[in-house]
Amino acid sequence: MASTPGGNRRTRVHVVSDVHGNARDLARAGEGADALVCLGDLVLFLDYADHSRGIFPDLFGTENADRIVELRTARRFEEAREFQRRLWAGIGMDKAAAIEMAVRKQYAELFAAFPTPTYATYGNVDVPPLWQEYAGPGLTVLDGQRVEIGGRTFGFVGGGLRTPMRTPYEIDDEEYAAKIEAVGEVDVLCTHIPPEVPELVYDTVARRFERGSRALLDAIRRTRPRYSLFGHVHQPLVRRMRIGATECVNVGHFASSGRPWRLEW
């Protein structure tokens, strides 16, 4: 904790989301902080800004990555899935085994970079069953759970809602709402996805609305946390806005910025 001129101890928490393979900056993200909070999406499957980076181009090359981004951006999801099916058939590898091996390689590097203490929840592209294998003693994983940091209560809800993208950790609206309910009233509500507000869920580069949570929005209005922190939308129309008494902040996209968001009290 930091000291103030009057001798009082202050608490500083650094918050990151959408790390997407940026282990170098993740290793420095906790410097000067009492704790690091991570809101998920550690894995980099495909970098929409640099199509040469990620699991997909490593397996299939940049030209095919260009094509899959083109199809997804145009919301031609079924064509994109068919294109990927042909690519997998062409290389003769078991898809699940190949992806798991690539994810494990990224997780080994990323989890080793987490400082102590870190409090983290899953993103929609993460693979929760693997986290327990890589999480060290300094990392606390929470999903639908609460923890106290510096006298304030933080609630964590991980994952995303169902979309045509079919990313690894998407769940039904009802299951997501149940986790929000389980967290209850907190000072800081930490989620991977934003509340369902058009300005917060629209990605200006991908030119589409990502899925936000209505249950999260309702909880913000009902329980009035000091902060609602989230990521998921990499280039949002609005990064910060108030909903009643709550300051809503998009704390990503860490992969490109390399800088954590700072919360101090």
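1. A salt bridge is taken here as a side-chain nitrogen of Lys or Arg within 4 Å of a carboxyl oxygen of Asp or Glu. In this predicted model, E78, R81, E82, R85 and R86 are linked in a network of such salt bridges, and the structure holds 22 salt bridges.

2. In helix α5 (residues 95-113), E100 and R104 are 4 residues apart and so separated by about one helical turn, and they form a salt bridge whose closest N and O atoms are 3.0 Å apart. A further salt bridge, of 2.6 Å from N to O, joins R53 and D47; here R53 is partly exposed, with a relative accessible area of 32%, whereas D47 counts as buried because its 16% falls under the 20% limit.

3. An open sheet of mixed pairing is formed by 5 strands in the order β6-β5-β4-β3-β17, with β6 (139-141) and β17 (261-264) as the edge strands, each pairing on one side only. Strands β3 (residues 12-16) and β4 (residues 35-38) run parallel and are joined by 4 bridges, with V13 standing opposite A35 in β4.

4. H232, in the loop between β14 (227-230) and β15 (240-243), is buried at 13% relative accessibility. Its side chain makes a polar contact of 3.3 Å with that of H192, and the residues that H232 touches include S17, D18, N124 and E210.

Terms used
Residues numbered from 1 in each chain as written. Predicted model: local features only at pLDDT ≥ 70, side-chain atom pairs only at ≥ 80, totals over all residues. Heavy atoms only, no water. Helix = DSSP H or I, 4+ residues; strand = E, 2+ residues; numbered from the N terminus. Buried < 20%, exposed > 50% of the residue type's maximum accessible area, 1.4 Å probe, protein only. Polar contact = N/O pair within 3.5 Å; in protein donor to acceptor, adjacent residues only side chain to side chain. Contact = heavy atoms within 4.5 Å. Pairing = 2+ DSSP bridges. Lists of a residue's contacts leave out its neighbours within four places in sequence.
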